[in-house]
Amino acid sequence: LETAMSKTWLSTATALAFAAGALAVFVARKSVLGPEADGPLGWDVKVSVSGTLLTKDAAISITQPPDFRQQHISEERFESSPELRPPLPGKGAGQRKYTWRRQKNHTEPESFHLEYSFLYSRQRPTPEMERRTFQKNQAPERDANLKATPQVPAKNERIVRCAAEQAPANLSPREQAHALFKFVAGLHNLPVPAPQSALECLKQGGGDALGKARLLTALCRNRGLPTRLVAGLVLVGRGDQQLHYWVESWVGNEWLPMDPTHGHFSESNLPENYLILRIGSGPVVAARGVQSQERFEFRPRHNFAIDDYAPSPAKTFWRAVSLYSLHVSEQHMVELLLLLPLAALLVSLARTIIGIQTFGIFAPALIGLAFIESGAFPWGLAVFLVTVLVGWGMRHLLERFHLLQVPRVSALITLIIIFLLAVILGANYLGITPTRYIALFPLVILTFLVERFWTIEAEDSTSASFRTLLYTFVVAVAVSLVLRHDVIRTWMFRYPETLGFVLASLFLLGRYTGYRLTELYRFSDLIQEPPAKTSEGHP
Amino acid sequence: MSWITRWKALRERGVLGMNLRNARCIQDLNPRARFPTVDSKTKMHDLCRQIGVPTPELYALIAAHSALRHLPRLVAEHNDFVVKPDRGSGGRGVLVIVGREGDSFVRSNGERLNLTDLQQHLSSIVSGLYSLGGLPDTALLQQRVVPDPVFERISYEGAADVRVILYKDVPVMAMLRLPTKKSGGRANLHQGAVGAGIDIATGVTSRAVLENRATQRHPDTGLSVLGIQVPCWPQMLDMARRVSRAVGLGYVGIDIVLDRQSGPLLLEANARPGLAIQIANGQGLLPRLEEVDRMQAEPSAERQGP
């Protein structure tokens, strides 16, 4: 068994090399980035909405903060009470948003709670952020940012008079904007019981952030300066905060930010702790058929210190190779991708250490991941099982036609999809949304699974194929139970070098020659026997 | 019994586990490049002819649909024969013709087929219906093995065969595999066939296994399967050794059938032979594998022995 030993040593040495490499990357990352290895320096921000769902079509939308300029968003997480369906992304008025809808066919008032959290950091823009910045910083459309609305009555007599007084026509646009800003900033900051319009703010000689921002918008628009409202948070300390409002005016081919409440004028003066949640006059949290309250909470992730304007090359390098630098929608995909090797490792453990038979490696791994994503166990599981069984029935029918393999498998995919369409329509009629549980991705696996199921049935027995199916699902469920924890997801995202340890484990597992647990029972008959005296005596 | 006790007991008995078999025997000793030879029945047939090991006679090979029109001529001389896919597995696509009745062919289960039915079956084999990869395949017309009465008496339909496991070309364990009703005439243990361990030195069956558990009788015929002397045993061992050397696999299972007239015929070789043979013999494989390793490590010492 010399080759055996040398191969085992080679595998062990390689495994150690992988582990050492991973450890080296981990240590290097940790020592250079320090606490920043757990995500960029920034604030954990949480938007939570709670209240009562009133109507059948009740829905809550939250805009996704723009990932642009130096404002970077990562680690999005969603949580909601069971009265709500998982959030769906969508696009509303130029900005992405997430919408939670009520479970179907519920009509009685129900209380609910939801949370949307993310990490906000400042960084040099990535190409994707540049692209978004370019989009958001484009010149205003012709009249959109000059319009008079009830809240922003740019044509109102008092507004017209005030604007003309404060910003005479002989000033340059920038001087006009500055004059108007100075005027509004000079008004009192007052607490107000209800949202003010621009006019109310002017009449009362002051107001809250929203009122002052509206007043400044109305005045600027009246002077022909395209101006838009910006909603966001001023991150000071930690805890709870009201939404803050300021404005941006199109002056000299760029958007000029002005905060009349805190007296900040121009980009260079707007502090880094200004987080933009929404550009434009629409709400950050929109609700329909709901009585609700929203809260904005934040806390700095680390002891936040901005002493970092000239980072060392090493730091710049590790920041660049951090997955946090990706755009937030790509981060979701990468998170899932990083879980796949872990899922495969779990399946390998189940097969090599325990000795469970499954349909291949990918079927249980991918089905397990599909269950994580859908988040809903009973339905996802049911849809999968029923689909496999129906597919199996169809496979039996197809057998009668003696079709060639490739067209036959293609026919099977088509039949399974027809069946799934029927399920989706039927479930929709009953008020369930099964599309959440049927991603296209595991479907291919499903067809393969049906083929394997049929092969085992034909070659061994029906009970053998059902047993393998059962084990495949047991392993898939185990995979999703382990990998659904956010801790694992976040860890893999922060330290993708963990894959080195996964590889090391797989190399060791690949040369594992111990008994499988199932074999301890399979060979029971050999255990109970007293050791027979073998004829070949040992020298 | 705890897992540790079981584990220790298995180690003590020298039981070869699946992981050990896969890593140390198959990965290390069976080069992948040699697999196509054992997986293809025609290649095995050619190999046997080269090294002079008897194997069921090959009447005809049908590799293309156009060759099907010659079928009447090809089968004219043969009253009985077997149709098989070259790269089939698990007994799929096998058709056993035991005789003729006028223009029709009689299957082993009594069903009657006409020439067109037979041509259709061959056509689906050639199209790849029974080859697992789905690739176009070749159909074989082969001599039908008429089981020797010694085995026929104690098995249910199908042909019993002898499986010999060879490690580095040395026979280390053997068993007689008897089809049952449940295995559907196939001689695979995991499909429900009975396996009776054969003593390598004498060729006599001593123990038997059914579905991983020890047994004494065939479940369908009710006859004892123990104490049976396998006919032509030394000849079978010799055949197995020669085939093992020729296929170039370090760990191989050789299947031999016993024909009433032709005697032992090599049926096929398996690059991943199963482990149930240990239960059939009541012995673990490991001590025997180690013995072979020792023998081959110091061949001179072996020769100088008393």
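Helices and strands here are DSSP runs, numbered from the N terminus. With that in hand, let's look at some close-ups of this predicted model.

**View 1. A:Arg69 sits in a loop between two strands of chain A.** The strands on either side of this loop are E2 (59–63) and E3 (71–80). A:Arg69 is not a glycine, yet its phi is positive, at about 45°. Is A:Arg69 buried or exposed? Residues under 20% relative accessible area count as buried, so A:Arg69, at 16% relative accessibility, is buried.

**View 2. A:Glu75 is another residue with a positive phi.** Here the angle is about 50°, and again the residue is not a glycine. A:Glu75 belongs to strand E3 of chain A. Its relative accessible area is 10%, so A:Glu75 is buried.

**View 3. The largest nonpolar core has 59 residues.** Which members touch the most others? They are A:Ile60, A:Leu215, A:Leu219, A:Met258 and A:Leu275. Helix H6 (residues 209–222) of chain A is the biggest contributor to this core, giving eight residues. In soluble globular proteins, nonpolar side chains tend to be buried together.

View 4. A second, separate core holds 38 residues, including B:Val53, B:Ile256, B:Leu266 and B:Ala271.

**View 5. Chain B meets chain A.** In this interface, 50 residues of chain B are in contact with 41 residues of chain A. Together the two chains bury about 4,300 Å², with 54% of that area on carbon and sulfur atoms. Three residues, B:Arg13, B:Asn19 and B:Arg24, supply 16% of the area that chain B buries against chain A, more than any other three residues.

**View 6. A salt bridge joins B:Asp28 to A:Arg511.** How far apart are the N and O atoms of this pair? The N to O distance is 2.9 Å. The interface of chain B and chain A has two salt bridges, and 15 residue pairs are in polar contact between these chains, counting pairs with both residues at pLDDT 80 or more. Several elements of chain B each supply at least two residues to the side that touches chain A, among them helix H1 (3–13), helix H2 (18–29) and strand E11 (213–215). The residues on that side of chain B divide into 18 nonpolar, 17 polar and 15 charged.

Notes:
Residues numbered from 1 in each chain as written. Chains lettered and ligands numbered in written order. Predicted model: local features only at pLDDT ≥ 70, side-chain atom pairs only at ≥ 80, totals over all residues. Heavy atoms only, no water. Contact = heavy atoms within 4.5 Å. Buried area = accessible area lost by both parts, 1.4 Å probe. Salt bridge = Lys/Arg side-chain N within 4 Å of Asp/Glu carboxyl O. Polar contact = N/O pair within 3.5 Å; in protein donor to acceptor, adjacent residues only side chain to side chain. Helix = DSSP H or I, 4+ residues; strand = E, 2+ residues; numbered from the N terminus. Nonpolar A, V, L, I, M, F, W, Y, C, P; charged D, E, K, R; others polar. Core = buried A, V, L, I, M, F, W, Y, C linked by side-chain atoms within 4.5 Å. Buried < 20%, exposed > 50% of the residue type's maximum accessible area, 1.4 Å probe, protein only.
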